[in-house]
Amino acid sequence: MSSSSTPPSGEVSGPTDLRAVLSDLDRALRADPVGTTLTAADSAFSLSETLQHAAQSIEYALSGYPVLKPVGFRVTIGRLVKHLFLRRGAIRHNLAAPVDGAPELDPALAVIGSLTRLRTAVAALLAHTGPLQPHPTYGVCTPAQGAQLQAMHLREHLPGLAAFGAPADVRTR
């Protein structure tokens with residue numbers, strides 16, 4: 001039996017739910033409109049750039065990433081890493097790394113513009129009914145996996161969200 005708090009079939013709730021991440025981000029920005037407490041200390045990106053980076057990644061999941069690792073890597077190591085991250089409920093990656101081949105982020109873009117772009121990208125991903133484009137590292141992801149990985153990607157870049165919802169690093173095992 002489904003209730004209003006139960007996600008639709010195939011979706012998750014909590015730290016790997018994109019809707020929950022956006023909800024936590026809204027609460028965080030109401031408390032800290034500049035977002036100074038949200039980004040990782042070792043991030044090379046401002047909050048605006050972080051949101052742009054996350055939006056780029058989600059947009060490329062739908063349109064195709066500019067650069068992919070070799071297929072042999074994606075179907076072996078990439079696949080193993082994807083399943084490890086999904087099992088852990090958290091990812092680890094270089095927080096200063098841009099999306100390979102993507103246009104540079106706009107350091108002058110206001111947070112509201114970046115947040116709008118991110119919301120648009122998330123809505124498009126959640127409404128998408130077809131297959132996702134291969135991820136540069138993980139390879140083929142189901143829509144549910146892609147959404148979970150994107151949520152974990154955002155939480156890793158924004159560890160300050162832990163104070164407003166689920167923690168950035170949630171280990172299920």
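## The overall fold

Helices are DSSP runs of H or I with at least four residues, strands are runs of E with at least two, and both are numbered from the N terminus. Read in this way along the sequence, the chain follows the pattern α-α-α-α-α. That comes to five helices and zero strands.

A word on what you are looking at: this is a predicted model, in which local features need pLDDT of at least 70 and side-chain atom pairs count only at pLDDT 80 or more, while totals for chains, interfaces and linings use all residues. Residues are numbered from 1 along each chain as its sequence is written, and side-chain values use heavy atoms, with hydrogens and water left out.

How much of the chain is buried? Buried residues make up 43% of the 173 residues; buried means under 20% relative accessible area, exposed over 50%, and partly exposed in between, using a 1.4 Å probe and protein chains only.

## The nonpolar cores

In soluble globular proteins, nonpolar side chains tend to be buried together. A nonpolar core is a set of buried Ala, Val, Leu, Ile, Met, Phe, Trp, Tyr and Cys residues joined through side-chain atoms within 4.5 Å. The largest one here has 23 residues, and Leu-25, Leu-38, Leu-118 and Leu-158 touch the most other members. Helices α1 (18-31), α2, α4 (111-127) and α5 each supply at least two residues of this core, and α1 gives the largest share, with six residues.

Beyond its neighbours within four places in sequence, Leu-25 is in contact with Leu-38, Leu-51, Leu-115, Leu-118, Leu-158 and Leu-161. Another core lies apart from the largest one; it has six residues, among them Phe-85, Tyr-138, Cys-141 and Leu-149.

## Two aromatic pairs

A pair of aromatic rings is described by the distance of the centres and the angle of the planes. Rings of Phe, Tyr and Trp (its six-membered ring) pair if their centres lie within 6.5 Å; planes under 30 degrees apart count as stacked, over 60 as edge-to-face and the rest as tilted. By this rule there are two aromatic pairs. Tyr-60 and Tyr-65 make a tilted pair, 5.8 Å centre to centre with 45 degrees between the planes. Both Tyr-60 and Tyr-65 are buried.

The edge-to-face pair is formed by Phe-85 and Tyr-138, at 6.1 Å centre to centre and 90 degrees between the planes. This pair links distant parts of the chain, 53 residues apart: Phe-85 is in helix α3, and Tyr-138 is in the loop between α4 and α5. Phe-85 has a relative accessible area of 7%, so it is buried, and Tyr-138, at 10%, is buried too.

Why does Lys-82 count as buried? Its relative accessibility is 4%, and its place is in helix α3. Lys-82 touches Tyr-138, Val-140, Cys-141, Gln-145 and Leu-149, leaving out residues up to four places away in sequence. Lys-82 and Tyr-138 are 56 residues apart along the chain, yet their C-alpha atoms are separated by 5.4 Å.

Ser-48 sits in helix α2 and is buried, with a relative accessible area of 5%. Its contacts beyond four places in sequence are Asp-106, Leu-109, Ala-110, Val-111 and Ser-114. Ala-147 belongs to helix α5 (residues 143-157) and counts as buried at 13% relative accessibility.

## The largest pocket

Rolling a probe the size of a water molecule over the atoms shows where empty space is left. On a 1 Å grid over the protein atoms alone, a pocket is an open set of points where a 1.4 Å probe fits, with protein on both sides within 12 Å along at least five of seven lines; lining residues have an atom within 4 Å of a point. Grid points are joined across faces, edges and corners, and a volume is the space filled by probe spheres set on the points.

The largest pocket has a volume of about 570 Å³. Of its 29 lining residues, His-93, Pro-98, His-135, Pro-136 and Thr-137 are the closest to its centre. Helices α2 (47-63), α3 (71-88) and α5 each supply at least two lining residues, with the largest share, four residues, coming from α5.

Terms used
Contact means heavy atoms within 4.5 Å.
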